[in-house]
Amino acid sequence: MTITANWSYPTAIKFGAGRIKELADHCKAVGMKKPLLITDRGLAPMAITQNALEILEAGGLGRAIFAEVDPNPNDVNLEAGIRAFKDGGHDGVVAFGGGSGLDLGKCVAFMAGQTRPVWDFEDIGDWWTRASVEGIAPIIAVPTTAGTGSEVGRASVITNSADHVKKVIFHPKFLPAVTICDPELTVGMPKVITAGTGMDAFAHCLEAYSSPFYHPMSAGIALEGMRLVKEYLPRAYRDGTDIEARANMMSAAAMGAVAFQKGLGAIHSLSHPVGAIYNTHHGMTNAVVMPPVLRFNRPAIEEKIARAAAYLGIAGGFDGFYDYVLQLREELGVPNKLAALGVGTDRIDEMAEMAIVDPTAGGNPVELTLDAAKKLFAECI
Ligand SMILES: NC(=O)c1ccc[n+]([C@@H]2O[C@H](COP(=O)([O-])OP(=O)(O)OC[C@H]3O[C@@H](n4cnc5c(N)ncnc54)[C@H](O)[C@@H]3O)[C@@H](O)[C@H]2O)c1
Ligand SMILES: [Fe+2]
């Protein structure tokens with residue numbers, strides 16, 4: 001058998017409590033003189049954000065912020081961000097926040113150099129080669145949640161505000177030049193965000209590990225990522241100031257995202273339409289749909305999951321793992337059904353159509369047919 005694959009783990013990560021103080025130095029090292037800090041509306045007034053702006057200002061880099069960013073950011077946010085970047089004469093982006101701020105910030109830096117519409121760079125085939133590389137501005141990423149792993153990823157998830165579809169926009173240059181992982185920034189996350197983002201990291205590891213593609217490096221990273229979540233997410237949830245737990249969750253988040261080069265699956269395929277239509281939190285949505293998807297995939301992954309369970313110190317093979325997931329969800333206050341997140345049954349057909357064409361569907365270990373997607377949604381809601 002000939003094995004071929006494309007593997008990529010190149011982000012420079014500055015990891016550790018308090019390292020946000022290096023922000024201005026890293027900006028300068030990649031050539032920024034006038035960076036624009038991009039974050040979401042909720043984070044803008046918070047002390048961690050104001051502190052980052054002060055560090056930039058003290059470093060002689062000005063104090064510019066763009067924060068017209070919604071959760072599940074969209075093309076309207078993107079257009080406004082590109083305008084702010086160009087009008088302000090900026091030369092780089094500090095993408096600051098959870099997945100929403102990071103994704104929008106990365107996409108602004110990329111689109112600042114393009115003439116084609118953003119949808120031309122959807123993660124399909126070699127569409128990314130359409131981009132002109134010269135104008136892409138450098139990115140420094142600073143995550144403030146521990147879940148999406150967008151800080152080490154080469155894509156942004158942008159919702160199309162016209163048809164409410166979440167699109168993955170991809171280019172190798174979306175990769176931040178430097179990522180600062182400072183767990184102190186995540187201390188103020190409300191419990192529900194700690195739970196949701198932590199479960200997103202877990203979903204990335206679980207789906208990457210379960211996908212059928214050949215990528216043993218990612219499989220190994222995904223396994224250890226699941227172990228970190230198992231050991232530290234309940235701790236971070238119980239006591240948000242537990243820096244050791246927060247730090248290990250930051251690692252798990254980054255690991256989940258490098259692992260999902262191996263593929264994602266139906267947890268994300270179901271979650272994307274729900275998030276795009278009902279604006280639910282991405283990770284929380286994943287957590288709700290996780291058990292039904294595990295049951296659906298069981299025939300293809302039973303043995304693999306039994307191996308993971310053994311590594312995680314869970315007795316009972318697949319069943320033990322499944323029970324563990326239920327227990328973890330309960331411990332984190334995750335609801336059992338999507339109805340609790342405001343999702344109704346009236347748009348199941350439409351969401352199922354969206355789920356089966358979602359780019360993550362191809363990585364699911366059992367084929368996600370239209371019929372299966374409808375049944376899964378009915379179960380989850
Ligand atoms: N690029 C990728 O590879 C990738 C992967 C998974 C998900 N995503 C996307 O990421 C987005 C979700 O990101 P998220 O789960 O990090 O949530 P988020 O960025 O939407 O943040 C959720 C909420 O938490 C607040 N918040 C963030 N950090 C905080 C902190 N330290 N203290 C207090 N409040 C804080 C925000 O203001 C916001 O209100 C979705 O749009 C999803 O599609 C992207
Ligand atoms: Fe995710």
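Predicted model: local features only at pLDDT ≥ 70, side-chain atom pairs only at ≥ 80, totals over all residues.
**Helix α8 and its two partners**

Let's begin with α8, a helix that covers residues 266-278. One of its partners is α9, which spans residues 282-312. The axes of α8 and α9 come within 8 Å and cross at roughly 135°. The two helices are therefore oblique to each other, and the crossing is right-handed. On the α8 side, the contact is built from Ala 266, Ile 267, His 268, Leu 270, Ser 271, His 272 and Val 274. Facing them from α9 are His 282, Thr 285, Asn 286, Val 289, Met 290 and Val 293. Sorted by class, this contact holds seven nonpolar and six polar residues, with no charged ones.

Now follow α8 to another partner, α11, made of residues 348-357. Here the axes are 8 Å apart and the packing angle is about 130°. This pair, too, is therefore described as oblique, and α8 passes α11 in a right-handed crossing. From α8, the residues involved are Ser 269, Leu 270, Pro 273, Val 274, Ile 277 and Tyr 278; from α11 they are Glu 350, Met 351, Met 354 and Ala 355. Eight of these residues are nonpolar, one is polar and one is charged.

**Helices α6 and α10**

How do α6 and α10 lie relative to each other? Their axes come within 11 Å and cross at roughly 20°. An angle under 35 degrees counts as roughly parallel, so α6 is roughly parallel to α10. Their crossing is left-handed. Met 226, Lys 230, Pro 234, Tyr 237 and Arg 238 of α6 touch Phe 321, Tyr 324, Leu 328 and Glu 331 of α10. Six of the contact residues are nonpolar, three are charged and none is polar.

**Around ligand 1**

Which residues come nearest to ligand 1? Of the 29 residues around ligand 1, the nearest are Asp 40, Gly 99, Ser 100, Lys 166 and His 281.

| Residue | Atom of the residue | Atom of ligand 1 | Distance |
|---|---|---|---|
| Asp 40 | side-chain N or O | oxygen | 2.7 Å |
| Asn 72 | polar side-chain atom | oxygen | 3.4 Å |
| Met 189 | backbone N or O | nitrogen | 3.5 Å |

How values were computed. Residues numbered from 1 in each chain as written. Chains lettered and ligands numbered in written order. Heavy atoms only, no water. Axes fitted to C-alpha atoms, helices over the stretch in contact; angles between N-to-C directions. Helix = DSSP H or I, 4+ residues; strand = E, 2+ residues; numbered from the N terminus. Parallel < 35°, antiparallel > 145°, perpendicular 65-115°, else oblique. Left-handed = near helix turned anticlockwise from the far one by under 90°. Contact = heavy atoms within 4.5 Å. Nonpolar A, V, L, I, M, F, W, Y, C, P; charged D, E, K, R; others polar. Near = heavy atom within 4 Å. Polar contact = N/O pair within 3.5 Å; in protein donor to acceptor, adjacent residues only side chain to side chain.
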